[in-house]
Amino acid sequence: MIPFDFEYYKATSIPEAIYLFQNLFLQGRNPLYYGGGTEIITLARTNRIYTEAVIDIKGIPECNVFAHHDHKLLVGSAVTLTRVSEERLFPLLSRTCSEAADQTARNKITVGGNICGRIIFREAVLSFLLADSDILIAGPSGINKKPIHEIFKQRMRLQRGEFVVQVHTDTDYTKLPFIAVKKRRIGSVGYPVVTIAAMKKEQLVRVAFSGVCAFPFRSHQIETILNDRLTPLETRIERAVRHLPAPLLSNTDASAEYRAFVLKNTLLDVLTALEEV
Amino acid sequence: MTIPRIPKVSIDLLVNNEMRNVVVRPSDTLLRVLREVLGLTGAKPGCENGDCGSCTVLIDGWPMKSCIMLAVEAVNQQITTIEGLKDTPIQNAFLEQWAFQCGYCTPGFIMNCHALVNIHPDANDKVIQEWLESNICRCTGYEEIEAAVKSVLSKQRSDGRYSH
Ligand code: FES
Ligand code: FES
């Protein structure tokens with residue numbers, strides 16, 4: 001049971017959602033935008049967030065778009081991971097989303113929720129990082145498009161009152177060769193030890209990671225090291241792992257040492273496969 | 001403009017083909033409303049954290065964990081609980097295959113499996129495994145549940161499509 005009350009508003013347009021947020025904020029009700037809601041419900045149940053009003057954005061048509069348009073793939077923030085997995089408009093994204101959480105949960109979890117969430121494992125963002133996608137954001141200052149690399153730094157850096165409407169990706173990126181590997185300690189459910197998504201563009205490999213550090217990331221420094229074909233592959237991987245942007249995660253699923261071991265092996269598999277493409 | 005505070009709301013929920021009016025806190029989960037307001041106790045609270053699947057119901061035919069859904073979100077959608085299934089092939093298959101022991105997880109599994117055989121009549125082993133991984137059973141070894149799903153799938157393949 002959620003131990004406190006909040007009000008629920010279902011917005012049917014972007015201006016309505018922003019208006020509601022501003023008004024509720026001015027009244028001190030600490031509003032939250034609500035997509036799939038799975039993270040809000042679980043955090044609220046355990047008293048780890050507090051709000052007096054949620055604004056559901058699932059009724060906003062722009063947030064439900066999932067289609068190619070004008071050489072771009074538009075993914076609405078309220079599109080569920082199940083829809084992304086089943087309508088394979090961006091096969092790498094479908095693949096990574098199809099491995100997040102479990103099948104039933106994916107019927108509820110949305111792309112926006114997954115990329116904006118607090119959870120360490122945010123698989124949907126990896127494909128967008130690799131594809132240099134743009135994020136369409138709505139807020140009190142209007143609707144703006146920003147490169148993902150500008151707005152996603154360890155987590156989505158949204159200003160108060162802003163929410164993600166869509167993610168735009170050049171159609172070309174949706175057709176590139178890719179590989180996505182999720183390594184768990186045991187079986188095929190549960191949190192992963194390491195997730196790696198990679199794609200190859202113009203002979204260069206791009207790699208994004210989740211579960212390795214406390215946040216998902218893509219690192220140009222690591223990619224430069226990994227793409228140095230004059231150096232043996234194992235040496236490149238050893239060097240790359242020394243340039244992680246933060247300490248390796250260490251938790252009950254895997255110690256940092258074990259994670260490093262799995263990371264290196266997975267990188268070896270991923271690069272071997274992609275270099276042969 | 002001040003937006004008035006609304007502590008409780010009156011909503012209409014379409015549950016098992018019956019329109020039910022309920023007064024709920026907007027922060028009430030669907031699971032809580034089904035069980036404590038509507039008296040439909042088939043959906044079971046397990047983890048209440050989206051992990052175990054014992055609370056699974058169908059929303060417009062798709063399985064949803066009712067502990068991670070607000071009741072107010074279910075307005076204008078068709079909710080089906082285990083109480084809404086009568087003599088379906090998957091229920092009979094659970095009996096025939098001994099796919100339960102204590103039975104606590106069973107309503108959630110049945111809802112999920114019922115949706116699976118409807119949505120994916122051509123489900124292969126990979127799809128079946130993916131779907132079954134959404135639910136946890138503490139008693140069986142899952143083999144019997146998988147056998148129940150497969151028996152319905154093969155029967156409906158030989159008979160033509162599954163019907164409700
Ligand atoms: S009680 Fe809902 S998933 Fe466990
Ligand atoms: S039959 Fe007891 S938990 Fe599944």
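Predicted model: local features only at pLDDT ≥ 70, side-chain atom pairs only at ≥ 80, totals over all residues.

Colleague: How many charged residues does the lining of the largest cavity have?

Modeller: Split by class, there are 2 nonpolar and 2 polar residues in that lining. The rest of the tally is charged, and that count is 4.

Colleague: Where does the largest cavity lie relative to the domains of chain A?

Modeller: The domain assignment of chain A gives domain 1 (7–56), domain 2 (61–172) and domain 3 (176–275). Residues from both domain 2 and domain 3 line the largest cavity, so it lies between domain 2 and domain 3.

Colleague: How far apart are the C-alpha centres of domain 2 and domain 3 of chain A?

Modeller: These two domains are in contact, with 22 residues taking part from domain 2 of chain A and 25 residues from domain 3 of chain A. Their C-alpha centres are separated by 22 Å.

Colleague: Back to the volumes: how much space lies in the second largest cavity?

Modeller: The whole-structure search finds 2 cavities of 30 Å³ or more. The largest cavity holds about 50 Å³. For the second largest cavity, the value is about 30 Å³.

Colleague: And which chain B residues line the second largest cavity?

Modeller: By class, its lining has 4 nonpolar, 1 polar and 2 charged residues. From chain A come A:Met1, A:Ile2, A:Ile41 and A:Arg45. From chain B come B:Thr29, B:Glu48 and B:Cys67.

Colleague: How many residues of helix H7 of chain A are buried?

Modeller: H7(A) covers residues 123–130 and is mostly covered. Its buried residues include A:Glu123, which also lines the largest cavity. The buried count for H7(A) is 8 of 8.

Colleague: Which residue just after H7(A) takes a positive phi?

Modeller: The phi there is about 50 degrees, and the residue is A:Asp132.

Colleague: What about packing: how many residues does the largest nonpolar core have?

Modeller: Among the residues with the most contacts inside it are B:Leu13, B:Leu30 and B:Ile79. Helix H2 (38–45) of chain A gives two or more residues to this core, and so do elements of chain B, including strand S1 (9–15) and helix H1 (30–37). B:Leu30 touches B:Leu13, B:Leu70 and B:Ile79, among others. The core has 36 residues.

Colleague: Last one: is B:Leu38 buried or exposed?

Modeller: B:Leu38 is in the loop between H1 and S3 of chain B. Leaving aside neighbours within four places in sequence, B:Leu38 is in contact with B:Val15, B:Arg20, B:Val22 and B:Val33. Its relative accessible area is 11%, and the cut-off for this class is under 20%, so B:Leu38 is buried.

Conventions
Residues numbered from 1 in each chain as written. Chains lettered and ligands numbered in written order. Heavy atoms only, no water. 1 Å grid on protein atoms, 1.4 Å probe; cavity = no way out; pocket = protein on both sides within 12 Å on 5 of 7 lines; lining within 4 Å. Points joined across faces, edges and corners; volume = space filled by probe spheres on them. Nonpolar A, V, L, I, M, F, W, Y, C, P; charged D, E, K, R; others polar. Domains from an automatic or database assignment. Buried < 20%, exposed > 50% of the residue type's maximum accessible area, 1.4 Å probe, protein only. Helix = DSSP H or I, 4+ residues; strand = E, 2+ residues; numbered from the N terminus. Core = buried A, V, L, I, M, F, W, Y, C linked by side-chain atoms within 4.5 Å. Contact = heavy atoms within 4.5 Å.
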